[in-house]
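Please keep the sequence and the structure in view while reading.

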Amino acid sequence: MITVGIDVGGSATKIAAFREDGRLMSPLFVRATDPVTSVYGALGRFTAENNVRLEDIHSIMVTGAGGAYVGEELYGRPCVHVSEFESVGRGGLYLSELNRAIVVSMGTGMALVYAQSGEKSEYLGGTGVGGGTLVGLSRLLLGMEDLSHVADMALSGDLSHVDLMVSDITRRGDKLGLRQDMTAANFGKVSDIASKADLSLGLFNMVFETIGMLSLFAARSKGVRDVVLTGRLSVIEPAAKIFENLNNMFDLNLVVPFHSQFGTVIGAALTGMERTENRI
């Protein structure tokens, strides 16, 4: 039998599943104009691509902001609604193979969860700064909405045309415990010659630095170094260098595990697996 997880998000629905022997099946996501269409489309595509019969599905674990649109069954299979934050924590630990960490869900907004093996995950808070911020500001500043195109353009950007750095305001940064290449103000030095590539990199830097610094504060509050980054934003190319810089500056261990974009839905499916095992 197969346990399925479905994460109904603000812009896409994700689906993941585990076989009875604990093997993870290839997760996928589907975009649609409304949550109901997205959910049915995701499950239909999953069964078709994996040659799975509906009767092979033991249960469907539903999470995410749009989960309220899903009733007690889907295509005749029982649905169980599970906590999104519990799913975030479980998925992050599973993918990273860590026993304790701050798990960050980066989607339309962002959420911070403290997760520890064998314990209930703790929601620490979050912000509205995330993928929705990038899409909206890219539309206003660049006239673009496709984040993959904006990300490609950002790779050739120059932050010195956009951000105010510590080196711009003081030569005594090291005496204050600050590195010269640290950001003093995002978009604090926008130049008249700033190109679209510069502005796009500035946008990503602002959003990812905000996420990174909030993750740092959360990690310090719980006495951990490990921060697991999940959600669709975690695999956007400009993120890697920005998070690497934050790692070096603050002695963090910001990690992006394989399948990180599916962390929450994998965590939801794991919850179903555990419930099934406890009933045996």
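In this predicted model, the largest nonpolar core comprises 38 residues, and those with the most contacts inside it are I102, V104, F204, F208, V227 and F243. At least two residues of this core come from each of β7, β8, α3 (131-142), α4 (147-154), α6 (196-222), β12 and α7, while α6 gives the most, with 10 residues.

**Cores**
- F204, when its neighbours within four places in sequence are left aside, is in contact with L134, L147, V150, A151, A154, I236, P238 and I242.

**Sheet**
- Five strands form an open sheet in the order β9-β8-β7-β12-β13, and their pairing is mixed.
- At the edges of this sheet are β9 (122-127) and β13 (253-255), each of which pairs on one side only, and from one strand to the next the twist averages 20°.
- Strands β7 (residues 100-106) and β12 (residues 226-230) are paired in the parallel sense over four bridges, and I102 has V227 in β12 as its bridge partner.

**Helices on the sheet**
- Helix α2 (residues 84-96) packs on the sheet, where it touches β7, β8 (110-116), β9 and β12, and its direction makes about 65° with that of β8.
- Helix α7 (residues 238-250) lies across β7, β12 and β13, and runs at about 160° to β13.

Terms used. Residues numbered from 1 in each chain as written. Predicted model: local features only at pLDDT ≥ 70, side-chain atom pairs only at ≥ 80, totals over all residues. Heavy atoms only, no water. Pairing = 2+ DSSP bridges. Axes fitted to C-alpha atoms, helices over the stretch in contact; angles between N-to-C directions. Contact = heavy atoms within 4.5 Å. Core = buried A, V, L, I, M, F, W, Y, C linked by side-chain atoms within 4.5 Å. Buried < 20%, exposed > 50% of the residue type's maximum accessible area, 1.4 Å probe, protein only.
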